[in-house]
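I opened the notebook to jot down what I looked up in this model. Here are my entries, in the order I made them.

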Amino acid sequence: MAQYIVTGRNTSGEGIVAVTISAINQDSQVVADMDVVAAVRSLLDGAPGVVSVQAQKYEQVITNV
């Protein structure tokens, strides 16, 4: 699974709250990763002082040379 960082920013563009999602444990897929990210975005969007929310996805890429 990729790692997601969801950041709530204030009017100056500074990050004032961030949530890192690095694992979603479930026996079989009950909830899609993007649904969890969207739920966290929605939660932060309603937080006091947050005027914008950004979600970033990070994946590890391994190459053999």
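This is a predicted model: local features need pLDDT of at least 70, side-chain atom pairs count only at pLDDT 80 or more; totals for chains, interfaces and linings use all residues.

**Elements.** I found one helix and three strands. I then checked the radius of gyration, which is 14 Å, well over the 11 Å that the globule rule gives for 65 residues, so the chain is more spread out than a compact globule.

**Extent.** I also looked up the span of the C-alpha trace along its principal axes, and noted about 45 × 35 × 10 Å.

**Burial and surface.** How much of the chain counts as buried? I wrote down 18% of the 65 residues. For the surface, I noted that the protein chain exposes about 4,800 Å². Carbon and sulfur atoms supply 48% of that area.

**Salt bridge.** How many salt bridges does the structure hold? My search turned up one. The partners are Glu 59 and Lys 57, and their closest N and O atoms are 3.9 Å apart. That pair makes the list because the cut-off is 4 Å between a side-chain nitrogen of Lys or Arg and a carboxyl oxygen of Asp or Glu.

**Glu 59 again.** Is Glu 59 buried or exposed? Its relative accessible area is 59%, so I logged Glu 59 as exposed; the cut-off for that word is over 50%.

Conventions: Residues are numbered from 1 along each chain as its sequence is written. Side-chain values use heavy atoms; hydrogens and water are left out. Helices (H or I, at least four residues) and strands (E, at least two) are DSSP runs, numbered from the N terminus. The radius of gyration is taken over C-alpha atoms; the globule rule is 2.2 Å times the number of residues to the power 0.38. Buried means under 20% relative accessible area, exposed over 50%, partly exposed in between (1.4 Å probe, protein chains only). Accessible areas come from the Shrake-Rupley method with a 1.4 Å probe; for residues, only the protein chains shown count as cover.
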